[in-house]
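Please keep the sequence and the structure in view while reading.

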Amino acid sequence: MADISTNFVGIQSPNPFWLASAPPTDKAYNVERAFDEGWGGVVWKTLGEAGPPVVNVNGPRYGAIHGSDRRLLGFNNIELITDRDLDVNLKEIYEVKKRWPDRAMIVSLMVPCEEQCWKAILERVDDTGADGIELNFGCPHGMSERGMGSAVGQVPEYIEMVASWCKQYSRLPVIVKLTPNITDIRYPARAAKKGGADAVSLINTINSIVAVDLDNFAPVPTIDGKGSHGGYCGPAVKPIAMNMVAEIARDPETKGLPISGIGGIETWRDAAEFISLGCGSVQVCTAAMTYGFKIVREMIEGLSDWMDDKGYQSIGEFQGMAVPNVSDWQHLNLNYVTKARIDQDSCIKCGRCHIACEDTSHQAITNMVNGERVFEVIDEECVGCNLCVNVCPVENCITMEQISGVDPRTKEPIDPDYANWTTHPNNPMAAKDAAE
Ligand SMILES: Cc1cc2nc3c(=O)[nH]c(=O)nc-3n(C[C@H](O)[C@H](O)[C@H](O)COP(=O)(O)O)c2cc1C
Ligand code: SF4
Ligand code: SF4
């Protein structure tokens, strides 16, 4: 049976599944029940500095986007860091770690951007027996207005500075949690590395307004007639998170920097995708909030079964396997030609492929042949875009097939050799380069 244990920057964990810093990790009662269900680790809900804790709103703090089946697709929150006393949190972290020595215990931190503030909290966290710290440079609401969270994560120089203080004042591995609310994720990741961080984790939540209540014209969630932007997460953000993870994994300046992947992970498959893009652990928040701690059982079983099927004995054997296949557009093979193929036996004749192809301008799928409702691909028009595959309600009814010989659409022979835009005759830059 596959070994799914992980060693992430020296932090041992029986599996790669950690609960992300959020309400499910805000107290010992929760964390212990999560460990009972099998979670490999937790990142404790972000701690702030000593003194009176932050205060949350006392009304709705969540908003959501649902699919037509009411499945939660995107989730939004205006919650702050922990509103529980620092001493209580530290005591609970100490006790839980003592009772669960084999699980990863990471403590998330956010204090003002002053050396003394970081030094003070790091000393206290070191005494808890925790395995690592995560610097929350990502929270995009409330705390950022106070110069913390994403206000730090958006300035690479601050990231580097705080990471280096943490390395100086703590013996624990330092994970820098990045905000996605930035144009190019490579800059903060490089800064974290320069500051000596052991790893980065991403993503924290995305600035968002999920809905406007049209009765009172206020953003949702609404507090006494007003709303503020919140942080977006859940399945909808997975593609954004994976792209950012891949950017860091393939950037020559941060290549090899350990990454803990976060964002929309609900299943073992989501997790395996993040790991294939280079992640050494994954973190989950919305899925645990929506479906409860038990989802980890399916994650563990699914990942082990898949690894057994594929013959992978350890996570390391497929970690990062997808990274070399993430390419810039200009290097994609322009001689790779495909056409759509419709399996007439599984087609339910709904017509969605026809309408999509017709109105998206390729007009490559019939709807009537000899007076009968028949949906067939017209190879002479098909550009191989695969829109029809994506709109068809029957899985695998439409597939894409690579063709060779002459392309019926262009009437040109298909060159079997790889060639990309950098050398294409229509590329003015390529022509210029060749002339020189
Ligand atoms: C209600 C809520 C509270 C959160 N609080 C924190 C926090 O205190 N610290 C932090 O680093 N991230 C916090 N997050 C962000 C999550 O840790 C995670 O980065 C984000 O939700 C993306 O993961 P997901 O798509 O699995 O939810 C919070 C998220 C939610 C939904
Ligand atoms: S692949 Fe694109 S062009 Fe071809 S049939 Fe499907 S939608 Fe039309
Ligand atoms: S969308 Fe799929 S099921 Fe519907 S007509 Fe087209 S091929 Fe058939």
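Ligand 2 takes up the space that is the second largest cavity, a cavity being a set of points, on a 1 Å grid over the protein atoms alone, where a 1.4 Å probe fits but cannot get out. The model is a predicted one, in which local features need pLDDT of at least 70 and side-chain atom pairs count only at pLDDT 80 or more, whereas totals for chains, interfaces and linings use all residues. Residues are numbered from 1 along each chain as its sequence is written, chains are lettered from A and ligands numbered from 1 in the order in which they are written, and side-chain values use heavy atoms, with hydrogens and water left out.

Around ligand 2 there are 13 residues, of which Cys357, Cys382, Cys385, Asn386 and Cys388 come nearest; a residue is counted as near if one of its heavy atoms lies within 4 Å of the molecule. Ligand 3 likewise has 13 residues around it, and here the nearest are Cys347, Cys350, Gly351, Cys353 and Cys392.

Ligand 1 sits in the largest cavity, where a molecule is said to sit in a cavity if more than half of its atoms lie within 2 Å of the grid points. Of the 23 residues around ligand 1, the nearest are Ser21, Thr46, Lys177, Gly264 and Thr286. Strand 4 (41-47) and strand 6 (72-77) each contribute at least two residues to this shell, strands being DSSP runs (E, at least two residues) numbered from the N terminus.

The polar contacts of ligand 1 (pairs of N or O atoms within 3.5 Å) include one in which a nitrogen atom of the ligand is 2.9 Å from an N or O atom in the side chain of Lys45. Oxygen atoms of ligand 1 also approach polar backbone atoms, at 3.0 Å for Ile203 and at 2.8 Å for Gly234. The protein covers 98% of the 610 Å² of accessible area that ligand 1 has on its own, as given by the Shrake-Rupley method with a 1.4 Å probe.

The table gives each shell by residue class, with Ala, Val, Leu, Ile, Met, Phe, Trp, Tyr, Cys and Pro taken as nonpolar, Asp, Glu, Lys and Arg as charged, and the others, Gly among them, as polar.

| Shell | Nonpolar | Polar | Charged |
|---|---|---|---|
| Ligand 3 | eleven residues | one residue | one residue |

Notes
Polar contact = N/O pair within 3.5 Å; in protein donor to acceptor, adjacent residues only side chain to side chain. 1 Å grid on protein atoms, 1.4 Å probe; cavity = no way out; pocket = protein on both sides within 12 Å on 5 of 7 lines; lining within 4 Å. Helix = DSSP H or I, 4+ residues; strand = E, 2+ residues; numbered from the N terminus.
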